[in-house]
Amino acid sequence: MSEELRGVVVCHGALAGALVDAAEQISGLGGALIPVSNMGCDRDTLEDRILAAVDGHPAVVFVDLASGSCLVAVLKRLRSEQLVKVVTGVNLAMLVDFVFHRSLSPADAASRAAAAGETSIRIP
Amino acid sequence: MSIVLCRIDDRLIHGQVVIGWGRAMGIDLIILVDDQVAASDWEQELYRMAVTPEIEVRFVTMADAARQMSEWQSNGKRGLVLTGDLETMAALRASSPDVVQRINLGGIHHRAGRRERLPFVYLTDQELGTLQTLEAGGAVITAQDLPTTVPVALRALG
């Protein structure tokens, strides 16, 4: 891929901003992730926010829940986009992994990030 | 039982509806009245994923809802009727005033032309007028996002 992937994080409340901030602090890489919140907007506005964040670039969109308004808004506008993949259940581990692998294809980066996120869930 | 809650929420089926109201009111039937979702299998699948297995979900058009409201009122389930906009709820009220007696404003969020009345209720003056007309016709309208919060009367939103 000639263009590095964009990561868009779509969550309820203030979660997306907090996750992006934390991922940047850990990785030292800024600007790779764009937070989108569903706060204070209706469905159409949320879809517009997501589209503006992706802005036609190849991207992986990370969503908090595997159902609900954020995921519906993402899929409604992006499900047919070949260069955009969606990963649900976003956590910090998958975002940190993603920012270091943005030269992969969207599908490969999404699979890798999902695996990193799953691996991080443990009962130590 | 019957229809126990008629709610306007532009986020449709989500946590506040399923967990917040569903548990508190013992809801076992959610009826989403939305022409677009009623025609979209993938959207229905997504919304079903947000609902616990013991709650039945039906996706219906406005026209179907108007025909079936009386049946839902007497089918033995505790039902929640949900619309994404106040126009649809107003139409349900017009077709079934005996069922849609109380209207819950649960989430009507910002868009161009709307003004904040509560953090979860934004209305244009025209929309407020529509609600006031409904209330003048006998409906009881309150804004309340969750059952644990205090309901706000429509007159306080002007």
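Across the interface of chain A and chain B in this predicted model, five residue pairs are in polar contact, with both residues at pLDDT 80 or more. On the chain A side, α2 (43–54) and α3 (69–78) each supply at least two of the residues that touch chain B. The most comes from α3(A), which gives five residues.

**Who takes part**
- Sorted by class, the side of chain A that touches chain B has six nonpolar, six polar and five charged residues.
- In total, 17 residues from chain A and 17 residues from chain B make up the contact.

**Buried area**
- About 1500 Å² is buried between chain A and chain B, and 53% of it is on carbon and sulfur atoms.
- Within chain A, the residues that lose the most area to chain B are A:Asp42, A:Arg43 and A:Val72, together 36% of what that side buries.

**Salt bridges**
- The rule finds four salt bridges across the interface of chain A and chain B.
- A:Arg43 and B:Asp34 meet through their side chains in a salt bridge, at 3.9 Å from N to O.

**An aromatic pair**
- Over all chains, the structure holds one aromatic pair.
- The partners are A:Phe62 and A:Phe98, arranged edge-to-face, with 5.2 Å centre to centre and 75 degrees between the planes.
- A:Phe62 lies in strand β3 (residues 59–63) of chain A and A:Phe98 in helix α4 (residues 92–99) of chain A, so the pair ties together parts that are 36 residues apart in sequence.
- A:Phe62 counts as buried because its relative accessibility is 0%, and A:Phe98 counts as buried at 1%; the cut-off for buried is under 20%.

Conventions:
Residues are numbered from 1 along each chain as its sequence is written. Chains are lettered from A and ligands numbered from 1 in the order in which they are written. This is a predicted model: local features need pLDDT of at least 70, side-chain atom pairs count only at pLDDT 80 or more; totals for chains, interfaces and linings use all residues. Side-chain values use heavy atoms; hydrogens and water are left out. Contact means heavy atoms within 4.5 Å. Buried area is the accessible area (1.4 Å probe) that two parts lose on being put together, summed over both. A polar contact is a pair of N or O atoms within 3.5 Å; within protein, one must be able to donate a hydrogen and the other to accept it, and residues adjacent in sequence count only if both atoms are side-chain atoms. Helices (H or I, at least four residues) and strands (E, at least two) are DSSP runs, numbered from the N terminus. Ala, Val, Leu, Ile, Met, Phe, Trp, Tyr, Cys and Pro count as nonpolar, Asp, Glu, Lys and Arg as charged, and the others, Gly among them, as polar. Rings of Phe, Tyr and Trp (its six-membered ring) pair if their centres lie within 6.5 Å; planes under 30 degrees apart count as stacked, over 60 as edge-to-face and the rest as tilted. Buried means under 20% relative accessible area, exposed over 50%, partly exposed in between (1.4 Å probe, protein chains only).
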